[in-house]
Amino acid sequence: GQTGLTAQDCHALASLLFKRRKPDEALVWVERGIDLDRQTPHGSTAGHDLGKLHRELLARLNRGTEALDAAWADFQKHPSKYTYDDLMKFVPAPERSAWHEKAMEAAKGADLRSLIELLLDTREMERLAELVRSTADETLERLSHYATEPAAKKLERSHPGLAARLW
């Protein structure tokens, strides 16, 4: 009480309650931690962990639609291969194809490095080729080789000219 409650404290308490199979109580602490995290100017590392735990708890409490909505909101804010994987955990199997297309459309606004990683991870080679084709050389040159080399390797056989641009 004297030092003040932090988002990290809430995450720790929620994690303990989650392990003790008390998801209702854990959810209260997660939501409290998320509120605290929103009050800090730049958020905290606990904010990400709280969001993930929040979705897991919602799913465990048979509130799968809310978990999916939360995962979708997170993906839209920060499209990446990590938020995509998290999103797809909550998508019902028969709807995966439609959600994949929806996510690929929403990801067009992502930063170039994250978008390349996402397209590689989801094996969207034609979308990757179109992205490289439509991106200026100067923009590609500013990317780290950690992003461009894997993309170039994947495009070498099907699109050698685009792979050469990346190399």
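Here is a friendly conversation about the predicted model shown above.

Visitor: How many helices and strands are there in the chain?
Guide: Welcome, and let's begin with the overall plan! Read along the sequence, the chain follows the pattern α-α-α-α-α-α-α-α-α-α-α. Counting by type gives 0 strands and 11 helices.

Visitor: Which residues are in contact with L87, leaving aside its neighbours within four places in sequence?
Guide: L87 is one of the buried residues of helix 5, which covers residues 81-89. The cover over the buried residues of this helix includes helix 3, helix 4, helix 6 and helix 7. For L87 itself, the contacts are L68, A71, W72, F75, W99 and A103.

Visitor: Is S114 buried or exposed?
Guide: First find S114 in helix 7. Leaving out residues up to four places away in sequence, S114 touches P79 and S80. Its relative accessibility is 8%, and the cut-off for burial is under 20%, so S114 counts as buried.

Visitor: Where do the two partners of the salt bridge between E101 and R127 lie?
Guide: The closest N and O atoms of E101 and R127 are 2.6 Å apart. E101 is partly exposed because its relative accessibility is 37%, and R127 is partly exposed with 25%.

Visitor: How many residues apart are E117 and R113?
Guide: These two form a salt bridge, with their closest N and O atoms 3.2 Å apart. An α-helix has 3.6 residues a turn, so residues three or four places apart point the same way. E117 and R113 both lie in helix 7, about one turn of the helix from each other, and their spacing is 4 residues.

Visitor: Is K108 buried or exposed?
Guide: K108 meets E105 in a salt bridge, at 3.1 Å from N to O. E105 has a relative accessible area of 44% and is partly exposed. K108 has 55%, and the cut-off is over 50%, so K108 is exposed.

Visitor: Which residues are linked with R55 in a network of salt bridges?
Guide: The count of salt bridges in this model comes to 10. Some of them join up into a network that holds R55. The residues linked with R55 there are D74 and D86.

Visitor: Which residues make the nonpolar surface patch of about 240 Å²?
Guide: One member, L16, sits in helix 1, which runs over residues 7-19. L16 counts as exposed because its relative accessibility is 52%. The patch is made by L16 together with L5 and L13.

Visitor: What distance separates the C-alpha atoms of W29 and S158?
Guide: W29 lies in helix 2, residues 23-39, and is partly exposed with a relative accessible area of 22%. Not counting residues up to four places away in sequence, W29 touches L5, C10, L13, A14 and L17. S158 is 129 residues away from W29 along the chain, and their C-alpha atoms are separated by 50 Å.

Terms used
Residues are numbered from 1 along each chain as its sequence is written. This is a predicted model: local features need pLDDT of at least 70, side-chain atom pairs count only at pLDDT 80 or more; totals for chains, interfaces and linings use all residues. Side-chain values use heavy atoms; hydrogens and water are left out. Patches are made of residues with over 30% relative accessible area and no salt bridge: like charges are joined within 9 Å, nonpolar side chains (Val, Leu, Ile, Met, Phe, Trp, Tyr) within 5 Å. Accessible areas come from the Shrake-Rupley method with a 1.4 Å probe; for residues, only the protein chains shown count as cover. A salt bridge is a side-chain nitrogen of Lys or Arg within 4 Å of a carboxyl oxygen of Asp or Glu. Helices (H or I, at least four residues) and strands (E, at least two) are DSSP runs, numbered from the N terminus. Buried means under 20% relative accessible area, exposed over 50%, partly exposed in between (1.4 Å probe, protein chains only). Contact means heavy atoms within 4.5 Å.
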